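Biologist: I would like to go through this structure with you and ask how each label was reached. Please set the value against the cut-off each time.

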Amino acid sequence: MCGVGFFRVLRLRAALGRLVYTFPVDLVLGCFRTRWYAFRQATRPVRLTEVFRQAAQSRIITSAHRINQGSIPDLSPPGTESDFYFVQTDDPETAVGRVIELVKTRIPKRFGFDPIRDIQVLCPMNRGGVGARSLNIELQAALNPAGDRKVERFGWTFAPSDKVMQIENDYDKEVYNGDIGYIDDVDPNAGEIVASFDGRSVTYGFGELDMLVPAYATTIHKSQGSEYPAVIIPVLTQHYAMLQRNLLYTGVTRGKRLVVLVGQKQAIAIAVRNVSGRRRWSKLGEQLAPKTPVSVDRRRVGR
């Protein structure tokens, strides 16, 4: 709702006179942040901060609130079964091995999650040894090694049972940026693959595969608006350029039943302290503010 839909909501408010609107202002956002700035000028925002008793039992929620308030979450091992864990790793190579082990064996064995359909790795960035691109290659090899029925296009390998993500809107196929699906079949003779998105089969020609990428790992930014049963987030100083409070907060709040941070306490501390991602240099507020009539001395006009 970054474009036309946003202005429809503004017109609705004008027609009804009152509108209650909930908005995740502390997420990474992007174009949605423009919407927040516009609403902030036209409304009286109220921030909801209280954690109620039922929610307070979840370490995911309490950890997310601590991050959002600028405090490091409790990273100590929980004494009982928990939904939030921290796994210490001191270097990128070890972190990659830990992530693969968690996805492939440890989390499925302990919590019963499906390693492909239930567990999502969210990375601060694409690049680097612990970035989404590199981890996709490693996780694909560990979870779904390609057999004979495969196709290699645009730097990726696609095979049956692969988890994939659509990376641009396709209105003809009715598949949109960020949608996650699973490859059902690869037909080299027809030059097509068939993938299912929410139970609906979609056919792609091999030449259209630039719209898909493996989705065993993706960036936190791409995950906005989505939730997953279990989330693993590598957080290392290697990601320094993207270690921001709202990015970490967004990643943690994507997990519904389990969140595991893998990395360094120093990197988490850097992310929690860094609020630079929240700054926005914009004249939108000035343009939306009520205009003060300017008086004109008509006697001086034209002189």
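Modeller: What follows is a set of questions and answers about a predicted model.

Biologist: Start with the whole chain. How many helices and strands are there in the protein chain?

Modeller: The protein chain has 9 helices and 12 strands. Of its 303 residues, 44% count as buried. Among contacts with a separation of 6 or more, 66% are between residues 24 or more positions apart.

Biologist: Which strands form the open sheet, and in what order?

Modeller: The sheet holds 5 strands in the order β1-β12-β11-β2-β10, and their pairing is parallel.

Biologist: What makes β1 and β10 the edge strands?

Modeller: β1 (84-88) and β10 (217-219) each pair on one side only. On average, neighbouring strands of this sheet are turned by 25 degrees against each other, with direction ignored.

Biologist: How do you know that β2 and β11 pair?

Modeller: Two strands need at least two bridges to count as paired. β2 (residues 119-123) and β11 (residues 228-235) have 3 bridges, in the parallel sense. Val121 has Ile232 in β11 as its bridge partner.

Biologist: Which helices pack on the sheet?

Modeller: Helix α4 (residues 59-68) does, touching β1 and β12 (255-263), and its direction makes about 55 degrees with that of β12. Helix α7 (residues 245-252) packs on the sheet as well, touching β1, β2, β11 and β12; the angle between its direction and that of β12 is about 130 degrees.

Biologist: Now a residue in the sheet. Why is Leu122 called buried?

Modeller: Buried means under 20% relative accessible area. Leu122 has 0%, so Leu122 counts as buried. Leu122 lies in strand β2. Leaving out residues up to four places away in sequence, Leu122 touches residues including Thr218, Ile232, Pro234 and Arg254. Leu122 and Leu248 are 126 residues apart in sequence, with their C-alpha atoms 10.0 Å apart.

Biologist: Which residues of helix α8 are buried, and what do they pack against?

Modeller: In α8 (residues 265-273), the buried residues are Ala267, Ile268, Ala269, Ile270, Ala271 and Val272. The buried residues of α8 pack against α4, β1, β11, α7 and β12.

Biologist: Why is Asp74 called partly exposed?

Modeller: Partly exposed lies between the buried limit of 20% and the exposed limit of 50%. Asp74 has a relative accessible area of 42%, so Asp74 is partly exposed. Asp74 sits in the loop between α4 and β1.

Biologist: What does Asp74 contact beyond its neighbours within four places in sequence?

Modeller: Asp74 is in contact with Arg59, Arg66 and Phe84.

Biologist: What makes the link between the side chains of Asp74 and Ser76 a polar contact?

Modeller: The distance limit for a polar contact is 3.5 Å. The side chains of Asp74 and Ser76 are joined at 2.6 Å, and this counts as a polar contact.

Biologist: And Gln140: why is this residue called buried?

Modeller: The limit is again under 20%. Gln140 has 11%, so Gln140 is buried. Gln140 is in helix α6 (residues 132-143). The side chain of Gln140 makes a polar contact of 2.9 Å with the side chain of Asp162.

Biologist: On to the rings. Why is the pair of Phe111 and Phe113 called stacked?

Modeller: Rings pair if their centres lie within 6.5 Å, and planes under 30 degrees apart count as stacked. For Phe111 and Phe113 the centres are 6.3 Å apart and the planes are at 25 degrees, so the pair is stacked. Phe111 is partly exposed at 24%, whereas Phe113 is buried at 5%. Ring pairs join Tyr85, Phe111 and Phe113 in a cluster. The whole structure has 3 aromatic pairs.

Biologist: How do you know that the charged end of Lys173 sits over the ring of Tyr204?

Modeller: The charge must be within 6 Å of the ring centre and within 35 degrees of the ring normal. The charged end of Lys173 is 5.0 Å from the centre of the Tyr204 ring and sits over that ring. Arg133 lies over the face of Trp156, 4.2 Å from the ring centre.

Conventions
Residues numbered from 1 in each chain as written. Predicted model: local features only at pLDDT ≥ 70, side-chain atom pairs only at ≥ 80, totals over all residues. Heavy atoms only, no water. Helix = DSSP H or I, 4+ residues; strand = E, 2+ residues; numbered from the N terminus. Axes fitted to C-alpha atoms, helices over the stretch in contact; angles between N-to-C directions. Contact = heavy atoms within 4.5 Å. Buried < 20%, exposed > 50% of the residue type's maximum accessible area, 1.4 Å probe, protein only. Polar contact = N/O pair within 3.5 Å; in protein donor to acceptor, adjacent residues only side chain to side chain. Phe/Tyr/Trp six-rings, centres within 6.5 Å; stacked < 30°, edge-to-face > 60°.
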